[in-house]
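Me: I have a structure open and a few spots I want to go through. Can you take them one at a time?
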Amino acid sequence: MTRLTAKRWATASRSRNWRSPREVLAGIGLTPEDVDTVFITHAHFDHFGNVEDFPNAKFYIQEREIAKWVWAMSLPERMRWMMVAVDPGDIVRGVELARDRRLITVNGAVENVLPGIDLHLAEDSHTYGSMWVTVRNDGQTQTADPWVLTGDLVYVFENVKGPGAAVDAGEIYVPVGLAVGSQTNLVLATEEMMKQAGYDAHRVIPVHEERLRDTFPSRITKDGLRISEICLADGEASKVA
């Protein structure tokens, strides 16, 4: 099997300014070795590539996500559309992580996977087993400080606050275009994420959204990388000030 690195995928998809995890993390004073936990929201190459660069990390992924990509890899070539944006090598490396006891599969919602952090499943939506993450920044069960990391279930701000004129409405949820699952499930997942955030769209974070730099404190590193600071833990120094 040909191995396609994240860098090669990034080049093929015309992404610019690709940098290794080591270079990216250096911008906030960390190394890949410092990372002990990674939440894989889904297995597309830009979210599941480079796992080998984090030698001390354990990786959380939904059981359905990894299992269904193995299934999709086994389908006839004429059905290969379902592998769009997936590097088969990443799936193989995910299985190897399981062999090495470093891949932790979860099945559905998990509360307090780490203190104040919850995982949620959005089945058959953007991907087969997409996952989103709630960070309760105050650590309370009934939190007053929730943040939702959407993976690609919300890609840009318009997925949460899109134009609704076509259906004679104001702002509506507009599902992400690429989905192996149901657009309806994407809309329902968006509702769940907004509910978790108290319907404050500011707290629902689309990680691909370039305009995060206009919403949150941000800076550009000497290598041209942008760092946006969503929120800080108590006592933690700013990485962008």
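Me: Start with N56. Which residues is N56 in contact with, leaving aside its neighbours within four places in sequence?
Reply: N56 is in contact with E33, V35, D36 and R102, where contact means heavy atoms within 4.5 Å. This is a predicted model, in which local features need pLDDT of at least 70, side-chain atom pairs count only at pLDDT 80 or more, and totals for chains, interfaces and linings use all residues. Residues are numbered from 1 along each chain as its sequence is written, and side-chain values use heavy atoms, with hydrogens and water left out.

Me: How far apart are N56 and E33 in sequence and in space?
Reply: They are 23 residues apart in sequence and 5.8 Å apart in space, C-alpha to C-alpha. A polar atom of the N56 side chain lies 3.0 Å from the backbone oxygen of E33.

Me: Where does N56 lie?
Reply: N56 lies in the loop between α3 (45-48) and β2 (58-62). Helices (H or I, at least four residues) and strands (E, at least two) are DSSP runs, numbered from the N terminus. N56 is partly exposed, at 48% relative accessible area. On that scale buried is under 20%, exposed is over 50%, and partly exposed is in between (1.4 Å probe, protein chains only).

Me: Now T190. Buried or exposed?
Reply: T190 counts as buried, at 3% relative accessibility. Its place is in helix α6 (residues 183-196). Beyond the neighbours within four places in sequence, T190 is in contact with L153, V154, N159, V160 and Y173.

Me: Change of topic: how many salt bridges does the structure hold?
Reply: It holds 15 salt bridges. A salt bridge here is a side-chain nitrogen of Lys or Arg within 4 Å of a carboxyl oxygen of Asp or Glu.

Me: Which residue does D118 form a salt bridge with?
Reply: D118 forms one with R136, and the closest N and O atoms are 2.9 Å apart. D118 lies in strand β5 (residues 117-123) and R136 in strand β6 (residues 129-136), so the pair ties together parts that are 18 residues apart in sequence. D118 is buried at 7% relative accessible area, and R136 counts as buried at 5%.

Me: And R211, what is its salt bridge partner?
Reply: The partner is E209, with the closest N and O atoms 2.8 Å apart. R211 is partly exposed at 34%, whereas E209 is buried at 3%. Elsewhere, salt bridges that share partners join E52, D87, D90 and R93 into one network.

Me: Within that, what about R93 and D87?
Reply: Their side chains meet in a salt bridge of 3.7 Å, N to O. R93 counts as buried at 12% relative accessibility, and D87 is buried at 0%.

Me: On to the open sheet of five strands. What is the order?
Reply: The order is β4-β5-β6-β7-β10, with mixed pairing. Two strands pair if DSSP finds at least two bridges between them.

Me: Which strands stand at the edges?
Reply: Those are β4 (110-114) and β10 (204-205), each with a single partner strand, so one side of each is left without a neighbour in the sheet.

Me: How do β4 and β5 run?
Reply: They run antiparallel, joined by two bridges. The bridge partner of L114 in β5 is I117.

How values were computed
A polar contact is a pair of N or O atoms within 3.5 Å; within protein, one must be able to donate a hydrogen and the other to accept it, and residues adjacent in sequence count only if both atoms are side-chain atoms.
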